[in-house]
Amino acid sequence: MPEELHHDWRNLSGLIEATAQRQTIPCRNGRQPPPAWWTFDDITEQAAAAGACTACPVLAQCLAHGVKHPKEVGIYGGLTEKQRASAAREFAKETP
Ligand code: SF4
């Protein structure tokens, strides 16, 4: 794992773990859908997982991580890998 990705993942993971101590993080300690759905390939399960992200207290931070690292497997911030790759391209176009 590249150093920058490792660093960013440690930061996001720490935020998720700390927040999960007092709030619900759908992919970590939520009841439905099952946490495995965030990394499944099934489009229906991905959609359910992405929908659950909308209630996440760290949605913005997770989305920023996912767009910065679009090749990371699974749902980040409510977006699939394909959606994050598209968002990353759009962001790059808008950033001089
Ligand atoms: S935004 Fe979604 S993928 Fe990210 S931590 Fe929250 S529930 Fe998990």
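A salt bridge here is a side-chain nitrogen of Lys or Arg within 4 Å of a carboxyl oxygen of Asp or Glu. In this predicted model, Glu4, Asp8 and Lys68 are linked in a network of such bridges. The whole structure holds 4 salt bridges.

**Salt bridges**
- Lys68 and Asp8 pair through their side chains at 2.8 Å, N to O. This pair links distant parts of the chain, with Lys68 in helix H4 and Asp8 in helix H1, 60 residues apart.
- Asp8 is buried, at 15% relative accessible area, whereas Lys68 is partly exposed at 47%.
- Glu17 and Arg28 form a salt bridge of 2.1 Å, N to O. Glu17 belongs to helix H1 and Arg28 to helix H2, 11 residues apart.
- Glu17 is partly exposed at 33% relative accessibility, and Arg28 is partly exposed at 32%.
- Within helix H5, Glu90 and Lys93 lie 3 residues apart, about one turn of the helix, and their side chains meet at 3.0 Å, N to O.
- Glu90 is partly exposed at 36%; Lys93 is exposed at 64%.

**A buried arginine without a partner**
- Arg84, in helix H5 (residues 81-94), is buried but has no salt bridge.
- Glu81, the nearest side chain of opposite charge, is 5.1 Å from Arg84, so the pair falls outside the 4 Å cut-off.
- The Arg84 side chain does reach the backbone oxygen of Gly66, at 2.9 Å.

**Largest pocket**
- The largest pocket contains about 280 Å³ of space.
- Its lining has 20 residues, with Cys27, Arg28, Trp38, Ile75 and Tyr76 nearest the centre.
- The lining comprises 16 nonpolar, 3 polar and 1 charged residues.
- Helices H1, H2 and H4 each supply at least two lining residues.

How values were computed
Residues numbered from 1 in each chain as written. Predicted model: local features only at pLDDT ≥ 70, side-chain atom pairs only at ≥ 80, totals over all residues. Heavy atoms only, no water. 1 Å grid on protein atoms, 1.4 Å probe; cavity = no way out; pocket = protein on both sides within 12 Å on 5 of 7 lines; lining within 4 Å. Points joined across faces, edges and corners; volume = space filled by probe spheres on them. Helix = DSSP H or I, 4+ residues; strand = E, 2+ residues; numbered from the N terminus. Nonpolar A, V, L, I, M, F, W, Y, C, P; charged D, E, K, R; others polar. Buried < 20%, exposed > 50% of the residue type's maximum accessible area, 1.4 Å probe, protein only. Lys, Arg positive; Asp, Glu negative; His and termini not counted. Polar contact = N/O pair within 3.5 Å; in protein donor to acceptor, adjacent residues only side chain to side chain.
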